[in-house]
Amino acid sequence: MTRDDRRRPLIGITSYQDEAAWSVWRQRASLVPQTYVDSVARAGGTPVLLPPQPGGVEHLLDALDGLLLAGGPDIDPARYAADADPRTGPPHHARDDWESTLLHAALSRDLPLLGVCRGMQLLNVELGGTLLQHLPDGSHQTVPAAFVRHRVDLTEGSRLAAVLGPVTEVSCYHHQAVDRIGAGLRVTGRSTDGTVEALELPDRHFALGVQWHPETDSYDQRIFQALVAACRSAGPVAGPSGPPSGTPSELQPGAGTGTPSSTDPGSHPGSPSANHRESAR
């Protein structure tokens with residue numbers, strides 16, 4: 001190991017547990033799209049896979065410099081006190097529970113955190129926000145396994161605007177979106193149809209989420225470079241620093257409160273009406 005290797009921040013990436021095939025085998029596996037791994041590595045970090053598991057979060061975070069909540073299936077609506085829409089995908093309780101615990105522990109330590117697609121939605125839900133369970137047909141997800149390109153306007157003075165500028169073109173693939181905003185979160189990006197595209201926790205060193213998939217844009221790695229830079233500047237994490245300001249003190253992992261409302265601040269103007277099952281890639 002070289003000195004440069006030792007200086008590369010260790011960044012945990014949450015993962016799927018699903019049926020997979022390789023060589024002559026087909027069996028259950030822990031996996032994540034290679035684009036996440038490549039993006040962290042290109043930005044100067046060392047990626048570490050974090051599949052759902054029974055425990056060990058505090059010990060694990062002792063070793064990590066940052067956390068990346070990757071995209072994936074729909075979050076169980078019960079986590080934000082809602083009934084499931086027929087078009088919401090089946091719950092993945094093990095992954096929801098694992099990532100909820102990781103998220104709360106990372107926030108309590110002020111560990112640099114990036115949520116991608118599902119990861120941003122989980123950040124909102126776990127801070128008491130809600131989700132729109134389905135967006136209008138052909139808006140942010142058109143056909144299976146094909147990203148949609150669109151424009152996002154970023155808020156002046158936000159961390160994301162400092163990294164990407166006032167406007168950016170992104171690749172998205174999701175049929176759900178943030179509705180009511182969680183405690184302490186600030187909306188810092190929207191698409192032209194009003195969908196929330198970026199959230200930040202201003203009172204944290206680096207805690208933000210994007211609804212799009214920056215890992216698919218190999219020519220633009222600025223978000224991952226910003227995450228790695230935040231990990232380097234944060235220094236050693238001494239221990240819990242308390243919940244984000246504005247967070248209900250009784251809010252526990254997995255106990256998102258509130259019910260969906262299209263009139264709440266940050267809600268999407270459209271009404272749900274399509275038939276896709278997965279929130280994110």
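Is Leu49 buried, partly exposed or exposed? Select it and see: Leu49 has a relative accessible area of 39%, so it counts as partly exposed. Keep in mind as you click around that this is a predicted model.

**Stop 1: around Leu49**

Leu49 sits in strand E4, residues 46-50. Leaving out residues up to four places away in sequence, show what Leu49 touches: Ile13, Ser15, Ser30 and Val32.

**Stop 2: a patch on the surface**

Next, pick Trp22, Val24 and Trp25, which make up a nonpolar patch on the surface. Together they have about 380 Å² of accessible area. Trp22 belongs to strand E2, which covers residues 16-22. With a relative accessible area of 41%, Trp22 is partly exposed.

**Stop 3: a serine in a loop**

Jump to Ser158, in the loop between E8 and H6. Ser158 counts as buried because its relative accessibility is 3%, and the cut-off for buried is under 20%. Not counting residues up to four places away in sequence, Ser158 touches Arg186, Thr188 and Glu200.

**Stop 4: the largest nonpolar core**

In soluble globular proteins, nonpolar side chains tend to be buried together. Here the largest nonpolar core has 31 residues, and the members that touch the most others are Leu68, Leu114, Leu160 and Trp212. To see where the core comes from, colour the elements that each supply at least two of its residues: strands E1 (10-14), E6 (113-116), E8 (148-154), E9 (167-172) and E13 (207-210), plus helices H2 (34-42), H6 (159-164) and H7 (222-234). H7 gives the most, with 7 residues.

Now centre on Leu114. Setting aside neighbours within four places in sequence, Leu114 is in contact with Leu67, Leu68, Leu69, Phe206, Leu208, Ile223, Phe224 and Leu227.

There is also a second, separate core of 29 residues. To find it, select Ala82, Met120, Leu123 and Val125, which are among its members.

**Last stop: zoom out**

Show the whole chain as a cartoon, and there are 7 helices and 13 strands to look for. Of its 281 residues, 53% count as buried. Switch to a surface view: the accessible surface comes to about 11900 Å², and 53% of that belongs to carbon and sulfur atoms.

Notes. Residues numbered from 1 in each chain as written. Predicted model: local features only at pLDDT ≥ 70, side-chain atom pairs only at ≥ 80, totals over all residues. Heavy atoms only, no water. Core = buried A, V, L, I, M, F, W, Y, C linked by side-chain atoms within 4.5 Å. Buried < 20%, exposed > 50% of the residue type's maximum accessible area, 1.4 Å probe, protein only. Helix = DSSP H or I, 4+ residues; strand = E, 2+ residues; numbered from the N terminus. Contact = heavy atoms within 4.5 Å. Areas by Shrake-Rupley, 256 points an atom, 1.4 Å probe, with all protein chains shown as cover. Patch = residues over 30% accessible without salt bridge, like charges linked within 9 Å, V, L, I, M, F, W, Y side chains within 5 Å. Salt bridge = Lys/Arg side-chain N within 4 Å of Asp/Glu carboxyl O.
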